[in-house]
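Please look over the structure shown below, and then read the briefing that follows.

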Amino acid sequence: MTEGFLQEQRTLEGDLNSENSHQNSVDFLMNWFRKRSIFVLAYGTGCGAIEMPPTFTSRYDAERLGIRGAATPRQADVIIVSGYCSYKTLRRIIRTYEQMSNPKYVLALGSCTVNGGMYWDSYNTIKKLEDYMPVDMYVNGCMPRPESILEGFIQLQKDIGNGKASSWQKYEENYEFYRKNQEAVLGEKVAPSYEADWYLYDGGL
Amino acid sequence: MDLSIYGLTEIILSLKATNLANFFAMLVAFSFVIVTFLTKNYKLKKSFYALFLLLTASLFLIVYANDYLLFFIGWEIMSITTYFLLSFTLSKKTLHKYIIFAMASALSMFIAILILYSSNHSFLYADAHQSFKALGDIEEFIFIVLMLFTIFIKIGTIGFHYWLVDAYEESQNLFTPFFSAVLSKMGIYALIILLTQVVDITYPLAIIGVITSIIATFKAIQEDSIKRLLAYSSIAQLGYIVTVLGVYDGMGGALYHSLIHTVVKLLLFINIAGIIFVTGRSKFSELGGLLYKTPQSFVLLLIGIITLAGMPPLGGFSSKFMIYTSLMDAKYLLILSAIMFSSASAFLYIYKLIYGIYLGHPTNKKLESVKEVPISFLIPQYILAIVLIALGMFPALVVPYFNAILNELNLKTIEFSNYATLTTSFAEFNGLVIISAFGTIFVVLLLVFVNLKTKVKDVKNRFDVAYCGEEPDEATHLHYGYSMGKELQRVGFINTILKNSVKYFYDYIAKQTLNFSDILKKIYSGQLNINFNIAIIFAIILLWWSTK
Amino acid sequence: MIILDLLLMFLVAYLTGFLYYGLYRNITARFQRRYGPPVYQSFVDSIKFFTKEDAISHGWMFYLGPIIMMSGAVMTLFFIPLFNIGESFRGLSEYGNLFVVLYLLVLGPLGNALGVGAGGNPFGVMGVTRGLTRLFAMEMPFYIAVIAIMSLSQSADIATIASHQETYNAFAYPLLFIGALFSFIGMMGQSPFDVIGAPVEVYSGPASEFSGKFLALLMSQSAIFTFAKLVLMVHLFLGGADGFLELLTKTFILFLFVIAFGSMYGRFKTPQSVDFLLKVPSTIAVVGLILATWS
């Protein structure tokens, strides 16, 4: 696949003034609850981790929007991929992402997740996060300031409220595509064998 | 039934079936029947069966005796048959420890009985109180000390427990339930006889009981071997009984706790015997993760543990409640605080017991192919669990029986209104309401919970835990909690309790005895001429003295 | 009728507990010079977890753990009467007494410990171990104070203890109240005794494997349990309450004190907190006991 600057560019812009899509009232209510309370996994993957503490503490208080930190992936809704992903980190990010429970959202910070950014010709990082994980919202910058991150969160909340943030369904439906890409960079044992059971078979209680 | 032996006209031996004796005899018989269920699984020599029957017969003799001489005969037979029963599996060192302590206890009891006989020339219980009052002050003190020495060795009070823990650990898994549940009750019976027939000791006994239970609880938390943990737990529970016997009106609580302790210890030790039988290992660091392979054992151990902790739905709370209210009535408030403290500390080793065996992860590959324990282990546990649940639902089920015992001993009886409410002079509670409320709430919540929208997926592999993005595998140390309790050594106050041990004291005594016997060897050295000379000198001294 | 009584008690506890948690986040935020979330935020959090699509489980024992915990919390609530006069909101308190309530306080956490152990996450077990270690030290001053109060009121019935106080026990026997307050701060899960569920210390301890509706159940039981413990403290030390307004005022004042204390202090390590709780508050409570009951 072509990567980095060689692939065709598209603009993916969010619009804060978009109208609500049509949903029935049960879905509307559920999405309202989901958007009002967001638990972010406390996992700083790259250089954007330095911008997360100011966002969540007193000065740029993200708790007003209902956003708070969660300790384990089991409890979290949103995982923030905050910057470049080396192959080593990508393995852990994917494992953590698969341990979260649906519905889950991915917020990608910085230009490294869009097209490789500063490390566009590195031998050890990935250039386009969308090939390995579905992403709901990108926030541009190198690194984005807390105000930008908050605007990204507000846009994410709007998308959740509209029902448009459905990357987790995209992951389930296109699992073979994502898995093929992951195996291409991480080797065959990208995840323990018991992980694929989630997406290939249905484990019931 | 009256037995009389002619020829020695001053000594009368008799048996009497008092209500108290019937109660303890029933405990012995019940335990005997329960333990015989297990004999199917072990290859035992014929001598084992003979000794076991002789042991039970001696226990009946102890309980039904109406005078101290028959009591002592039964006690001696019990000690000696236990020695032979233990000799099948105990190491020589532990066996020596046991027999020295048992002989010391028997000897001191014999001296105490003879002191009592010397004042009134009668061994009967009925004359014991007058005999005691007719003694001088020094003899009273010696008598109490010697009798308590005997009883504390048997019960395993801290300070005299040196033999007990090792003996429980190394004895056969078949015999340990009986050993722990019943033989310690003989010490309790001796203490009850002492307190009701002879003399009443109140506050010092309560203090000794409290110290025992606190120290034993903390020592139990540290253990890695399952049977040692249960041995210390046994000591702690008996400490509760000793404490409540130190209160004047505490007999009801003591009887109830004896009953509960017998049933619970049988349940726990039989459960452990089943697990050791199936896996062949008896330490927490080698077990783990047996929950879904032996689910029935897990549920039965859970019932035992809830009772041991004294939690409301099951029977353990009833006995603890009686103990607490007796102490509250007698205004022993500091003792009550210490007992509640010991009871709260017990939660640690209780959780360690069930976590180390059933929860967590298996520590080696062989544990993954374990099947359920044989049915002959499960049947006695089910019977005992039903008894505990019944006592939880109807805590006053045994109160009429206890009132008969208390009437006979001329103590205050327990009020009785209906089977479900346990009433003491301080407070009351209704066991049926508690357990049915808990059951109803649980079922309602379960129904509501199951019908919620969320789909619950069962992880297929036990390694799928949230482990900070890493993937644990066979080599990762996941059965973390088996060594819980070791961190208590970092607390200063508790560390001073745990660091000290009676081992040094007894080693010191042993060394001094050896030194003394070295000195004696110089006199009695085995050479014939020296012995002859000593005998002649001795005879001269005796003859000279008898002519004075 | 009693079923309606119990349902209403449950609803009151649920709503008030969550409201207090929302207020807690708001008040702590104001201490930290920021605005916090809206007051209804805790409701929204728990309902969001109910709307999760899936949750994982590690077998039937893991599944039943939170349910046992919730049953324990609800049972504790039912055995504490809300008011000390009147016939309504009595719950099941006439069938039990203070000893029953003291033991029911531990039933829920033990059920949770079983579920966490069945889950197999070593961080969860770490949290449970710390919790149990902290438990016996934390309960010691509380038990001493409760025993003293029971002996002074000559009764183990909570409503009787609450209504027999002419001056509140907190002012008549201040040493007992101080000793019990230290334990109470630990029971509410506030600093400096809150190391067991700390997100950064121990990967959130017992809650580490629970997701989806299990976590919602844990949050709900936390709210109900908090309310039950607050009402118990009010009955024991602050004279109980005659009506809703008085009950809410007293519980809120106590809650405010506890969270103000908690937001000021850092955390103790587990051996440090055991050491502290066994020395300072226990001694205070013992001295208070001796002074109160010596005559």
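Between chain B and chain C, 23 residue pairs are in polar contact, both residues being at pLDDT 80 or more; a polar contact is a pair of N or O atoms within 3.5 Å, where within protein one must be able to donate a hydrogen and the other to accept it, and where residues adjacent in sequence count only if both atoms are side-chain atoms. This is a predicted model, in which local features need pLDDT of at least 70 and side-chain atom pairs count only at pLDDT 80 or more, while totals for chains, interfaces and linings use all residues. Residues are numbered from 1 along each chain as its sequence is written, chains are lettered from A and ligands numbered from 1 in the order in which they are written, and side-chain values use heavy atoms, with hydrogens and water left out.

**The interface of chain B and chain C**

- On the chain B side, helix H12 (295-309), helix H13 (316-329), helix H14 (333-357), strand E2 (428-430), helix H17 (431-450), strand E3 (455-458) and helix H18 (492-499) each supply at least two residues that touch chain C, helices (H or I, at least four residues) and strands (E, at least two) being DSSP runs numbered from the N terminus.
- H14(B) gives the most to this side, with 14 residues.
- The residues of chain B that touch chain C divide into 53 nonpolar, 11 polar and 10 charged, where Ala, Val, Leu, Ile, Met, Phe, Trp, Tyr, Cys and Pro count as nonpolar, Asp, Glu, Lys and Arg as charged, and the others, Gly among them, as polar.
- The contact (heavy atoms within 4.5 Å) takes 74 residues from chain B and 75 residues from chain C.
- Chain B and chain C bury about 6800 Å² between them, with 78% of it on carbon and sulfur atoms; buried area is the accessible area (1.4 Å probe) that two parts lose on being put together, summed over both.
- The interface holds 1 salt bridge, a side-chain nitrogen of Lys or Arg within 4 Å of a carboxyl oxygen of Asp or Glu, and it is formed by Asp54(C) and Lys457(B), whose closest N and O atoms are 4.0 Å apart.
- E3(B) and strand E1 (residues 54-57) of chain C run parallel and are joined by 4 bridges, two strands being paired if DSSP finds at least two bridges between them; Val456(B) has Ala55(C) as its bridge partner.

**Chain A**

- Chain A has 8 helices and 5 strands, which follow the pattern α-β-α-β-β-α-β-α-β-α-α-α-α along the sequence.
- Of its 205 residues, 55% count as buried, buried meaning under 20% relative accessible area, exposed over 50%, and partly exposed in between (1.4 Å probe, protein chains only).
- Strand E3 (residues 78-82) of chain A is largely enclosed by the rest of the structure, because 5 of its 5 residues are buried.
- Val78(A), Ile80(A) and Ser82(A) point one way from E3(A), whereas Ile79(A) and Val81(A) point the other way.
- E3(A) runs parallel to strand E4 (residues 105-109) of chain A, with 5 bridges joining them, and Ile79(A) stands opposite Val106(A).

**Local backbone geometry**

- Most residues other than glycine have a negative phi, and most peptide bonds are trans.
- Cys142(A) and Met143(A) are joined by a cis peptide bond with omega of about -10 degrees, and Met143(A) lies in the loop between strand E5 (137-139) and helix H5 (146-162) of chain A.
- Cys468(B), although not a glycine, has a positive phi of about 60 degrees, and at 45% relative accessibility Cys468(B) counts as partly exposed.
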